[in-house]
Amino acid sequence: GEAAMYAGLQELGVANGEDLKETLTNCTEPLKAIEQFQTENGVLLPSLQSALPFLDLHGTPRLEFHQSVFDELREKLLERVSAIALEGKVEERYKKLEDLLEKSFSLVKMPSIQPVVMCVMKHLPKVPEKKLKLVMADKDLYKACAVEVKRQIWQDNQALFGDEVSPLLKQYILEKENILFSNDISVLHNFFSPSPKARRQGEVVQKLTQMIGKNVKLYDMVLQFLRTLFLRTRNVHYCTLRAELLMSLHDLEISEICTVDPCHKFTWCLDACIREKFVDNKRARELQGFLDGVKKGQEQVLGDLSMILCDPFAINTLALSTIRHLQDLVGQDTLPRESPDLLLLLRMLSLGQGAWDMIDSQVFKEPKMEAELITKFLPMLMSFVVDDHTFNVDQKLPSEEKGPIPYPSTIPEAFTKFLQDNRIACEIGLYYILHITKQRNKNAFLRLLPGLVETFSDLAFSDIFLHLLTGNLTLLGDEFALEEFCISLFDGFFLTACSRKENVHRHVLRLLLHLHHKVAPAKLESLQKALEPTKQSGEAVKELYNQLTEKLELRKPSPAEATETPSMELPLPTVPTPASR
């Protein structure tokens, strides 16, 4: 520690503590030697010599005086360095700073001088390579230097930059998963509630934005990390971060990066749609223009665009817009194939859903749309909408001899098949089911629910869908008292996957924590047995199960309570208030 205090002074020919020790060890008159050392190394101001004894009379130690002079001078020097960085011709100012760095760098390990050296480096757009290497080789120096200097180190050291970015990316994914599994279940506040602008204020996006600055090379590295991780894990939250990072740089008007990212304008336009949770006609034209404008030889940009469209917030917006379009088409007696707006939404959904395959195969062309999706599947969804209208009208008609018309309970086989075989159909089908649940349409929900047991790549058991479904089911809370409803929902759907999919187990427990008081006691008991964690269950499942068990224990009346006679209502004795003093 002591050596660090004086690090580098000797090289500059300035005496340090070691020199004083040596002088005192080898001299005959220590007091004289000390006085001489003070004269040689003190502040060389003639007028000061007479003032110092005055401080001695006041009992101010010399150390305190020198320290305060030193601090003052350091502040002045730091201000001066920052001023030099802004004045005069570019070459001249940097020349001055480089000279200063050359003189002061040997003291970089001296804690009291270090801030000055760091300040000089921070203001240099190009710190000499040799100095950067020395900083990089020393953990403490590297930690102490400004982000402006670190950027210069990172841009030629991808591995080191990766080490810095990696924990942030892990934190980001964890934050997303915590929201999806949050114990607060609500239809009003869900995963998709925060606006894009609010999401970009998140800690990770802000830190990455700060680390990148205006450095295109670092921005490219981060995008490369995100692509690699997306390929390795198939985790779509990396796609969200890809879009959020670009838009965060857009907010700060960092044109050095925005102008060279070919996705910038497309992402900006899509961001506005995500904010409104709807793709309006004007923006649809704009987005289509970007997709049609991809030139020969530049197809690689499709890989980036597909990743932007694979962001769950983009998929959510496109799917919600698709459902809205289908309802409008029913009212207009128009078929899906006749609506260019709808076809564009499908084209973008299909590009987003194909992102992983495109980046993996490195074959950059838009996925082929299956004709049957447009000619068979979407008209089938429209026929479900018509069934609801017809049923509602029938209910209102005065019933003659014929009894009430029952709600159609069968589900077309083709619907189930589409959900199993076609990714886009599955995504739209799931959003249609979310839509009818949000409308509290129990009949339609129970009719289509069996179609969700087997879906394309188990999409119906994905976290985002289950997060939204559990939120919407709170609107059907009163139905949980009915045996038939619970058997369809739990035995027919959730419990078919609980044992093989831990995340489903978690979502069911979340739902019951929220709605257990609505479920019939006998059903609740059998669910509690069915949901008991096994040895293989993770901590999260056990924790949720324990919370549920505690809640249910609190609800059970104690045996004593059940047999007790009702207590007589006695008025509470009044307590006199203490007299105010």
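## A buried histidine

His264 is buried, with a relative accessible area of 12%; buried means under 20%, exposed means over 50%, and partly exposed lies in between, for a 1.4 Å probe and protein chains only. His264 lies in helix H17 (residues 264–276). Helices here are DSSP runs of H or I with at least four residues, numbered from the N terminus. Leaving aside neighbours within four places in sequence, His264 is in contact with Leu246, His250 and Cys258. Contact means heavy atoms within 4.5 Å.

This is a predicted model, in which local features need pLDDT of at least 70 and side-chain atom pairs count only at pLDDT 80 or more, while totals for chains, interfaces and linings use all residues. Residues are numbered from 1 along each chain as its sequence is written, and side-chain values use heavy atoms, with hydrogens and water left out.

## Aromatic pairs

How many aromatic pairs does a search of the whole structure find? The search finds 17. Rings of Phe, Tyr and Trp (its six-membered ring) pair if their centres lie within 6.5 Å; planes under 30 degrees apart count as stacked, over 60 as edge-to-face and the rest as tilted.

Take Phe461 and Phe493. Their ring centres are 5.0 Å apart and their planes are at 20°, so this pair is stacked. The pair links distant parts of the chain, 32 residues apart. Phe461 sits in the loop between helix H26 (442–448) and helix H27 (463–473), and Phe493 belongs to helix H28 (residues 483–498). Both Phe461 and Phe493 are buried.

Now take Phe480 and Phe485. Here the ring centres are 5.2 Å apart and the planes are at 70°, so the pair is edge-to-face. Phe480 counts as buried at 1% relative accessibility. Phe485 is also buried, with a relative accessible area of 1%. Ring pairs join Phe445, Phe461, Phe480, Phe485, Phe490, Phe493 and Phe494 into a cluster.

## Helices side by side

Two packed helices are described by the angle between their axes and the distance between the axes. Axes are lines fitted to C-alpha atoms, for helices over the stretch in contact, and angles run from 0 to 180 degrees between N-to-C directions. Angles under 35 degrees count as roughly parallel, over 145 as roughly antiparallel, 65 to 115 as roughly perpendicular and the rest as oblique.

The axes of H27 and H28 come within 15 Å and cross at roughly 170°. H27 and H28 are therefore roughly antiparallel. Leu466, Leu469 and Leu473 in H27 meet Phe485, Leu489, Phe493 and Phe494 in H28. The contact residues divide into seven nonpolar, no polar and no charged. Ala, Val, Leu, Ile, Met, Phe, Trp, Tyr, Cys and Pro count as nonpolar; Asp, Glu, Lys and Arg count as charged; the others, Gly among them, count as polar.

Helix H8 (residues 129–137) and helix H10 (residues 147–154) have axes that come within 10 Å and cross at roughly 100°. That makes H8 roughly perpendicular to H10. Leu132, Val135 and Met136 in H8 meet Val149, Gln152 and Ile153 in H10. Five of these contact residues are nonpolar, one is polar and none is charged.

## Charges over rings

The charged end of Arg234 sits over the ring of Trp356, 3.4 Å from its centre. Lys131 lies over the face of Phe105, at 5.3 Å from the ring centre. A charge sits over a ring if NZ of Lys or CZ of Arg is within 6 Å of the ring centre and within 35 degrees of the ring normal.

Definitions and conventions:
Helices (H or I, at least four residues) and strands (E, at least two) are DSSP runs, numbered from the N terminus.
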